[in-house]
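This report describes a model with its chains, helix packing and selected loop residues in turn. Please keep the structure in view while reading.

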Amino acid sequence: MSIGGFILRNAVRNKRRALLSILSVAVSLFLLVTLLVGLRELTQPPTDEASAARIVVRNKISLGNLLPRRQRATIEKIPGVAAVTPFTWFGGKFRDEEVMFGQFAIEPKLLLTIFGEAKMPPEQFEAFVNDPTACIIGIKTAEKYGLKLGEFMKLQGTFWPIDLNLKLVGIYADGIDDRNLFFHHRQLDEMPNNTGEVGTWWVKAASLEDVGPVVQTINAAFANTTAAVRAETERAFQLSFISMWGNIKMLVLSICSVVVFTLVLVSASTMSMAVRERFRELAILKAIGFRRRELFAFILAESFGLAAAGAVIGVGGAWGIFNHTDLVASASQNFMVLFEVTPRIMGQACFVATLLGIVASIAPSLSVARMSVVEGLKTLD
Amino acid sequence: MALPLRYNVRSVLIRWRSTLSTIFGIGLVVAVYIMMQSLAVGLEKSSANTGDPRNLLLVRKGSTAETSSQVTREQFKLLQYLPDIEKDEKGEPLISADTLILISLPRKGAAGEANILVRGVSKVGMQLRPQVRLTQGRMFEGGRREVVVSQKLAERFDNLGIGESFKTGGHQLQVVGWFDGNKSAFDSEIWMDSDDARSLFDRENYSSVLLRSDPTQWGALTNRVESDKRLSLSVIPETKYYSNQTATATPIRFLGNFLATAMSVGAIFAAMNTMYASVGARTREVGTLRVLGFRRRAILIGFLLEGAILAFLGGLIGCLLSLPINHYSTGTLNFQTFSEVVFEFNITPHLILKGLVFAVSVGLIGSLMPAIRASRLPVIASLKSL
């Protein structure tokens, strides 16, 4: 029997224990991957190349305060600005429920200029531009509510004192976030008692080099007005949302460390259990001339193998479930959309598994090293 | 005849070295469970603690949060003279027009910014909210750009100490006092004069109106307000408004339950491993017990009990581990108001009990199969085994 075969036979000799150890490692690694993916989803907003040239302008006091419509003309005149659209969060109820999809009032003509990445048939886009009561939605929301083109969607305003009845004329896909609804800003502008306000301005810079100067110019242009603004890149804007989550990041990270610690603890104890059972055998191996180093290698290889098997099941399982099914999106009602296991996260989990294999073999190796052959041979248990 | 309980307890304790890691593992699972749930409990409590059972809140029809509501000055004037409003000792009606503004302020330690709710209140605003108490400094005075700040908020954000000032909307606001909201939603707010707030932040209207009225008069008052065409406001009991805001805790509860389930599966495997090893090592002992006349069922129950005891010890450790976090103050985003909500981890006796029950169930499930195996060991063969 080769050394490899010997180690393998040893590892699976107690099949039940091997299985239980592998499964507990697998469950823990699965959990670790889930947490890391969730954390990534919460803290790393999805971006693409186009978003680097987009600038978000909000009220300096906070996002909860609106901006006057008159600012648009000023922003449009700034050199380096390619297009400006109002972008106002509506936040209405749909079918008498609070919903997870965003509803935004925009300038339809500029939709493709500023947000170029989503795909939509050109005739649908045209229908959207030409009909002031029209709206478009992302495919995820359309599927969730079973919405068809031509259908009317009633949105009850909560933040805005108006109810909308919008005709669905287009469904887009392959955008960063295929959930949102867009409608004409005119609907808000023509509201009774309207004070002429918008939520934010979204600005497209002519080129990436223009972004910095445009941000500065916009900030300076309204600095001493009643509505001072904060202009920032889309990414900085998204990150400011994450800062609002508060201590969530720390919380998830500390849970991750507890999970890793528990993992190490449990597997280390299983490993030492396996070794303790074989104390006599190891003593015999020692007696017939195997060196300590070789015994260490046996133990290490076995613990490593168990950890690796656990990693394959746990990390592989997470990858299979998260990257190839919509389970998480539907379970969280589209609160988590991407939920993707990245190579980086896989690497991190495999690193933990490796560490686990090494740490778990330390305690048994120590006891083997300390064991005297005679004592070991005498052991009955 | 059942095995004496002492035998089971001592069996667990005598093998403490090999079971320690399992006990500790279960302890950690329980600790995570209790901490997550205490976070959700604390968050829900901060909503449940808020509001006075005698108060009514008036917001614009259709609006779901105070921050998105508007009440005009004309409407407020009409409301002031409603007959059913209680009066204070000076004969002033107990009614406050509040102005709510979200402002973005930097967190301590350069950890980004967060939205905070600034509440402008009328003179009687404090009287209407008896759980709010000034702890240091003095109350703000109208017209002087002064604010009082929740003490818990001041610990989390820059420039909110007494005597310090911060800039927002082009104006410098002076902090003159700290208050304590007694674990209510007001612990996440900054207070100032309502008309000051309107003029500084360029608001034409108030946001909401809070008034005190005898609950027996609520029906009449609600009728009067909601049938008045000039008002177009809806009336909600203040306590109900805040209890509707507990939805923020739902994702935390969900995460907590998910973690507890996933980790408990791991813990069950660990407990199983330990108990199988225990059964394996004590094969001969079990045989002896059977020869002495103990029945299979006694053996089964004995091992189940051992698993339960083991897990219970783990549960106790978990409770101890989680206790230091009790009353630790933290903050997250409230979806309804879109602002920072400050709250405390809140470990209740109920949660401790749940944690222990949770631990014992893990122990029982984990030891079921090993116990069945032990009870089925053939007597003679096990006596012979080494």
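## Loop residues with positive phi

In chain B, the loop that runs between helix 7 (218–227) and strand 10 (233–237) contains Ser232(B). The model is predicted, and in it Ser232(B) has a positive phi of about 50 degrees although it is not a glycine. Most residues other than glycine have a negative phi. Ser232(B) counts as partly exposed, because it has 15 C-beta neighbours inside 10 Å, a number that lies between the limit of 12 or fewer for exposed residues and that of 20 or more for buried ones.

Arg145(B), which is likewise not a glycine, has a positive phi of about 55 degrees. Its place is the loop between strand 4 (133–137) and strand 5 (146–150) of chain B. With 17 other C-beta atoms within 10 Å, Arg145(B) is partly exposed.

Ala249(B) sits in the loop that links helix 8 (238–243) with helix 9 of chain B. Is Ala249(B) buried or exposed? Ala249(B) counts as buried, because 24 C-beta neighbours lie inside 10 Å, and the cut-off for a buried residue is 20 or more.

When residues up to four places away in sequence are left out, Ala249(B) touches Ala40(B), Leu43(B) and Glu44(B). Ala249(B) and Gly280(B) are 31 residues apart along the chain, and their C-alpha atoms are separated by 46 Å.

Two packed helices are described by the angle between their axes and the distance between the axes.

A second pair in chain B consists of helix 1 (residues 5–14) and helix 11 (residues 296–322), whose axes come within 9 Å and cross at roughly 55 degrees. Helix 1 of chain B and helix 11 of chain B are therefore oblique to each other, and their crossing is right-handed. On the side of helix 1 of chain B, the residues that take part are Asn8(B), Val9(B), Ser11(B) and Val12(B), and they meet Gly302(B), Leu305(B), Glu306(B), Ile309(B) and Leu310(B) in helix 11 of chain B. By class, the residues of this contact divide into five nonpolar, three polar and one charged.

## Chain B as a whole

Chain B contains 13 helices and 12 strands. Its radius of gyration is 30 Å, well over the 21 Å that the globule rule gives for 386 residues, so chain B is more spread out than a compact globule. Taken along the principal axes, the box filled by the C-alpha atoms of chain B is roughly 95 × 50 × 35 Å.

Of the 386 residues in chain B, 51% are buried. Among the contacts in chain B between residues at least 6 apart in sequence, those that join residues at least 24 apart make up 83%.

The C-alpha atoms of chain A fill a box of roughly 95 × 45 × 30 Å along the principal axes, and 40% of the 381 residues count as buried. Of the contacts in chain A with a separation of 6 or more, 80% are between residues 24 or more positions apart.

Where the two chains meet, 41 residues of chain A are in contact with 47 residues of chain B. The elements that give two or more residues to this side of chain A are helix 2 (15–43), helix 10 (234–244) and helix 11 (248–277) of chain A. Helix 11 of chain A provides the largest share, 12 residues. By class, the side of chain A that touches chain B has 21 nonpolar, 17 polar and three charged residues.

Conventions. Residues are numbered from 1 along each chain as its sequence is written. Chains are lettered from A and ligands numbered from 1 in the order in which they are written. This is a predicted model: local features need pLDDT of at least 70, side-chain atom pairs count only at pLDDT 80 or more; totals for chains, interfaces and linings use all residues. Helices (H or I, at least four residues) and strands (E, at least two) are DSSP runs, numbered from the N terminus. The radius of gyration is taken over C-alpha atoms; the globule rule is 2.2 Å times the number of residues to the power 0.38. Two residues are in contact if their C-beta atoms, placed from the backbone, lie within 7 Å. Axes are lines fitted to C-alpha atoms, for helices over the stretch in contact, and angles run from 0 to 180 degrees between N-to-C directions. Angles under 35 degrees count as roughly parallel, over 145 as roughly antiparallel, 65 to 115 as roughly perpendicular and the rest as oblique. A crossing is left-handed if the near helix is turned anticlockwise from the far one by less than a right angle, and right-handed if clockwise. Ala, Val, Leu, Ile, Met, Phe, Trp, Tyr, Cys and Pro count as nonpolar, Asp, Glu, Lys and Arg as charged, and the others, Gly among them, as polar.
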